[in-house]
Amino acid sequence: MATGTPRTLKDIPLFQDMDDADVEAMARVLRRLVALPGETLFRRGERARTMFAIVEGSVDIMEPSPDGRNVLLATLQAGDVMGEVALIDGGTRTAAAIAREPTTCVTLDADGLERLVHERPDAARKLMLRLATNLAARLSRAKQDANRLAERLARGEAGAALATEARKSFWERLLGLGR
């Protein structure tokens, strides 16, 4: 997570490896999105091909629990990125994202990525490498958490509290929190 509000795209960790020409090319394919508190950026189950980088504000990642209540899985801050998998595979959203406060994001959709590949392939390569590195690190942390959960279950620890803790921990790791 970045500290404070990013002043430029280079202040967002996803874009830090880019030179000025790369950043200019990225700026041409990104769209700006402003959300008010309580506004939904995306819903669980939606098909999508867009990722979001938070420039200012914060976003709650929510998932419905078995009893129908919404569970807060994580809160993302300025500098954080969400929805990268949707950009790559066009699958369905696995959680909802709701602005906690006035929030500004930049978004990149599949068409913008394709345009970047043609106009500035080196920038696209840097972006994809950073996305792959971030996702690999998240997967590794999630695997470690799953192993710890399996050990706890093998010791006979059970119950709703453990299940809730496990689900929240999994999402925090998957979203790259607690780095």
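Trainee: Which residue forms a salt bridge with arginine 125, and how far apart are the closest N and O atoms?

Mentor: The partner is aspartate 122, and the closest N and O atoms are 3.0 Å apart. Do keep in mind that this is a predicted model. In our case, arginine 125 and aspartate 122 are three residues apart in helix H4, which means about one helical turn separates them.

Trainee: Are these two buried or exposed, or something in between?

Mentor: Both are partly exposed: arginine 125 has 48% relative accessibility, and aspartate 122 has 33%.

Trainee: What does lysine 126 do with aspartate 122?

Mentor: Lysine 126 forms a salt bridge with aspartate 122 as well, with 3.4 Å between the closest N and O atoms. These two are four residues apart in helix H4, again about one turn. Lysine 126 counts as buried because its relative accessibility is 17%, and the cut-off for buried is under 20%.

Trainee: How do I read the faces of a helix, and which residues of H3 are buried?

Mentor: Look down the axis and see where the buried residues point. In helix H3 (residues 110–119), the buried ones are Ala110, Gly112, Leu113 and Leu116. They fall within an arc of 160°, so they line one face of the helix. The face turned away from that buried side carries the exposed residues Asp111 and His118.

Trainee: What caps the N-terminal end of H3?

Mentor: Aspartate 109 does, with a side-chain oxygen 3.2 Å from the backbone nitrogen of aspartate 111.

Trainee: Let's turn to a buried charge. Where does arginine 93 lie, and which side chain of opposite charge is nearest?

Mentor: Arginine 93 is in the loop between helix H2 (84–89) and strand E7 (96–99). This residue is buried yet has no salt bridge, and the nearest side chain of opposite charge, glutamate 46, is 5.0 Å away. Beyond its sequence neighbours, arginine 93 touches residues including Phe42, Arg44, Glu46, Thr50 and Phe52.

Trainee: And what surrounds phenylalanine 42?

Mentor: Phenylalanine 42, in strand E2 (residues 40–42), is buried, with a relative accessible area of 7%. Not counting residues up to four places away in sequence, it touches Phe52, Met82, Arg93, Ala95, Ala96 and Ala97. Phenylalanine 42 and alanine 97 are 55 residues apart in sequence, but their C-alpha atoms are 5.4 Å apart.

Trainee: How many helices and strands does the chain have, and what share of its residues is buried?

Mentor: The chain has five helices and eight strands, and 42% of its 179 residues count as buried.

Notes:
Residues are numbered from 1 along each chain as its sequence is written. This is a predicted model: local features need pLDDT of at least 70, side-chain atom pairs count only at pLDDT 80 or more; totals for chains, interfaces and linings use all residues. Side-chain values use heavy atoms; hydrogens and water are left out. Buried means under 20% relative accessible area, exposed over 50%, partly exposed in between (1.4 Å probe, protein chains only). The arc is that of the directions from the helix axis to the C-beta atoms. A polar contact is a pair of N or O atoms within 3.5 Å; within protein, one must be able to donate a hydrogen and the other to accept it, and residues adjacent in sequence count only if both atoms are side-chain atoms. Lys and Arg count as positive and Asp and Glu as negative; His and the chain ends are not counted. A salt bridge is a side-chain nitrogen of Lys or Arg within 4 Å of a carboxyl oxygen of Asp or Glu. Contact means heavy atoms within 4.5 Å.
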